[in-house]
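Here is a quick tour for someone meeting this structure for the first time. Have the sequence and the 3D view open as you read.

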Amino acid sequence: MRKRAPKELLLAFLGEFVVDADVAPIRASAFIDVLEGAGIAAPATRATLDRLEQTGLISRERSGREILFSLTEAGGVLLREATARVRGLHPFDPQGTGWTLVTFTIPEEQRTLRHRLRSTLAWEGFASIRDGLWLAPGAVDLDASLEPLRTDLPADSVVAFHARELPTFSIAGAVRAAWDIEAIRQAHLDFIATWTDPAALSGAALAVRTALVADWLSLLRADPRLPREFMDDDWPSARSVATYHHCRTTLAAGSAEQFAQLVAPRVGV
């Protein structure tokens, strides 16, 4: 089983339970309880909550002796952008045909923005095939994926094209150089092995579902949705999808009940 980072688990929890829920600000102690169930110590959770606040994904307020956190508008936009793929039935299929090419220029002093842009492109399946040139399968909806960065990106800093492969200029070599297909296969097999083990579903359903979604997000980042022609007949993505949805369904009722209890107002506080 891979080691899950506190940030992965917090983003999974926020995306799975909070972004579409009409809930009051959530106590820091509630986040700590959930992540402790997933193997994360309280100090690491507190430090990660602080970092997420600094990046503008969540906001903090105090109520008596309690510290409360809410998802910001920017955080909601970021998490909703991932929702369709996270919950979709065909998350490993290309978005249309052809290829999307992107090149960008971000000043060196804006390293944080460069990192955010690279992370966004990686989530959408892009890989670097030449210095400054990124490639993704299909027709990626860059308007939607770059929306959270729109106000920060300098004008004309990103240039994008939708292209098709020319018959005498095979893209297969570039694809195999840009993506480690066997590593992608292994990521699927590791996910399947973890979540078909009955022991994985033991424990508090809310923490287990949070860990499941964190692992699913990691797999989605690892798989760029390459066309089927680059895969063999035993490619494991369909098994991953079936495993994820089976586990999520199994955990749904128990985790929803525990989440409701977690965010319920506390009498006398």
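## A buried charged pair

Glutamate 124 counts as buried, at 6% relative accessibility (buried means under 20% relative accessible area, exposed over 50%, partly exposed in between, with a 1.4 Å probe and protein chains only). Its partner is arginine 225: their side chains meet in a salt bridge at 3.6 Å, N to O (a side-chain nitrogen of Lys or Arg within 4 Å of a carboxyl oxygen of Asp or Glu). Arginine 225 is buried too, at 8%. Arginine 225 sits in the loop between H9 and H10 and glutamate 124 in the loop between H5 and strand S5 (127–130), so the pair ties together parts 101 residues apart in sequence. Helices (H or I, at least four residues) and strands (E, at least two) are DSSP runs, numbered from the N terminus.

This is a predicted model, where local features need pLDDT of at least 70 and side-chain atom pairs count only at pLDDT 80 or more, while totals for chains, interfaces and linings use all residues. Residues are numbered from 1 along each chain as its sequence is written, and side-chain values use heavy atoms, leaving out hydrogens and water.

## Other salt bridges

The count comes to 16 salt bridges. One of them joins aspartate 20 and arginine 80 at 3.8 Å, N to O. Aspartate 20 lies in the loop between H1 and strand S1 (26–27) and arginine 80 in helix H4, so this pair links parts 60 residues apart in sequence. Aspartate 20 is exposed at 51% relative accessibility, and arginine 80 is partly exposed at 45%.

Arginine 60 and aspartate 50 also pair up, at 2.3 Å, N to O.

## The nonpolar core

The largest nonpolar core has 47 residues, and Phe13, Phe31, Val86, Trp195 and Trp216 touch the most other members. Such a core is a set of buried Ala, Val, Leu, Ile, Met, Phe, Trp, Tyr and Cys residues joined through side-chain atoms within 4.5 Å. Helix H9 gives the largest share, 11 residues.

What does tryptophan 195 touch, not counting residues up to four places away in sequence? Its contacts (heavy atoms within 4.5 Å) include Arg4, Leu201, Asp215 and Cys247.

## Around the lining

H4 supplies the largest share of the lining of the largest pocket, 8 residues. By class, that lining has 14 nonpolar, 10 polar and 9 charged residues. Here Ala, Val, Leu, Ile, Met, Phe, Trp, Tyr, Cys and Pro count as nonpolar, Asp, Glu, Lys and Arg as charged, and the others, Gly among them, as polar. A pocket is an open set of points on a 1 Å grid over the protein atoms alone, where a 1.4 Å probe fits, with protein on both sides within 12 Å along at least five of seven lines; lining residues have an atom within 4 Å of a point.
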